[in-house]
Amino acid sequence: MERPSFDKLRKGFRLMNWIAEFIETAAAAKVCTRIHCTTCGALDFRRDLVRKANDALGISTSTWDDALAGVTAEGLAHLPDDFTRTHIEAIRLVFFELWSNLGDTAFKRRLLAGLSRELCRKWSTS
Ligand SMILES: [Zn+2]
């Protein structure tokens, strides 16, 4: 049998991106992803996002920091292309969480600039 190409393997890996899986699971469970939801504050989604980011890093912290934000941004940058059509509300909430929970640090500015660039490049061509 022919060995799968590196690109194929990488694509498979990206499909297993933890945040893609998290967003899909939340959507299937109809978890609220509304920013500033006046009923539930999207608490389940926001709490699980922190938990999954912790799992992805193999750490355990209850508050956002540069490391958690970094792994989350990396996950966002590697989301499958069609996610902006199918899961835009959840993606917006993840951005919002990153934006709101990091102080005004050089890391935050670099992170958001890099992420915006990557997402614009990717999604303007899809
Ligand atoms: Zn809600």
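The legends below describe close-up views of a predicted model of one protein chain.

**Overview. Seven helices make up the secondary structure of the protein chain.** Residues are numbered from 1 along each chain as its sequence is written. Because the model is predicted, local features need pLDDT of at least 70 and side-chain atom pairs count only at pLDDT 80 or more, while totals for chains, interfaces and linings use all residues. The chain has seven helices and zero strands, following the pattern α-α-α-α-α-α-α along the sequence; helices (H or I, at least four residues) and strands (E, at least two) are DSSP runs, numbered from the N terminus. Of the 126 residues, 21% count as buried, where a residue is buried if 20 or more other C-beta atoms lie within 10 Å of its own, exposed if 12 or fewer, and partly exposed in between, with C-beta atoms placed from the backbone. Among contacts between residues at least 6 apart in sequence, 65% join residues at least 24 apart, two residues being in contact if their C-beta atoms, placed from the backbone, lie within 7 Å.

**View 1. Helix α4 and its buried residues.** The 12 residues of α4 should span 16 Å at 1.5 Å a residue, and its end C-alpha atoms are 16 Å apart, in agreement with that value; the expected span of a helix is 1.5 Å times one less than its number of residues. The buried residues of α4 are Leu-68, Ala-69, Val-71, Thr-72, Ala-73, Gly-75 and Leu-76, and they pack against α2 (18-28), α3 (43-57), α6 (88-101) and α7 (106-124).

View 2. Thr-72 counts as buried because it has 26 C-beta neighbours inside 10 Å. Not counting residues up to four places away in sequence, Thr-72 touches Ile-19, Ala-53, Val-94 and Leu-98. The C-alpha atoms of Thr-72 and Leu-49, which lie 23 residues apart along the chain, are separated by 8.8 Å.

**View 3. The crossing of α3 and α4.** The axes of these two helices come within 9 Å and cross at roughly 90°, which makes α3 roughly perpendicular to α4. Axes are lines fitted to C-alpha atoms, for helices over the stretch in contact, and angles run from 0 to 180 degrees between N-to-C directions; angles under 35 degrees count as roughly parallel, over 145 as roughly antiparallel, 65 to 115 as roughly perpendicular and the rest as oblique. Val-50, Ala-53, Asn-54, Ala-56 and Leu-57 of α3 make the contact with Ala-67, Leu-68, Val-71 and Thr-72 of α4. The residues of this contact of α3 with α4 divide into seven nonpolar, two polar and no charged, with Ala, Val, Leu, Ile, Met, Phe, Trp, Tyr, Cys and Pro counted as nonpolar, Asp, Glu, Lys and Arg as charged, and the others, Gly among them, as polar.

**View 4. The two sides of α3.** With 15 residues, α3 reaches 21 Å from its first C-alpha to its last, close to the 21 Å expected at 1.5 Å a residue. Its buried residues are Phe-45, Arg-46, Leu-49, Lys-52 and Ala-53; they cover an arc of only 125° around the axis, which puts them on the same side of α3, the arc being that of the directions from the helix axis to the C-beta atoms. On the other side of α3, Leu-43 and Arg-47 are exposed. The buried residues of α3 pack against α2, α4 and α6, and just after this helix Gly-58 takes a positive phi of about 70°.

View 5. Ala-69, in helix α4, is buried, with 22 other C-beta atoms within 10 Å. Leaving aside its neighbours within four places in sequence, Ala-69 is in contact with Trp-64, Leu-98, Leu-102 and Leu-111. Helices α4 and α7 pack at an angle of about 5°, with their axes 10 Å apart, and are therefore roughly parallel. In this packing, Asp-66, Ala-69, Gly-70, Ala-73, Leu-76 and Ala-77 in α4 meet Phe-107, Leu-111, Leu-115, Glu-118 and Leu-119 in α7; the residues of the contact divide into eight nonpolar, one polar and two charged.

**View 6. His-36 and Ala-42 in the loop between α2 and α3****.** Most residues other than glycine have a negative phi. His-36 has a positive phi of about 55° although it is not a glycine, and phi of Ala-42 is near 50°, also a positive value. His-36 is exposed, with 8 other C-beta atoms within 10 Å, whereas Ala-42 is buried, with 22.
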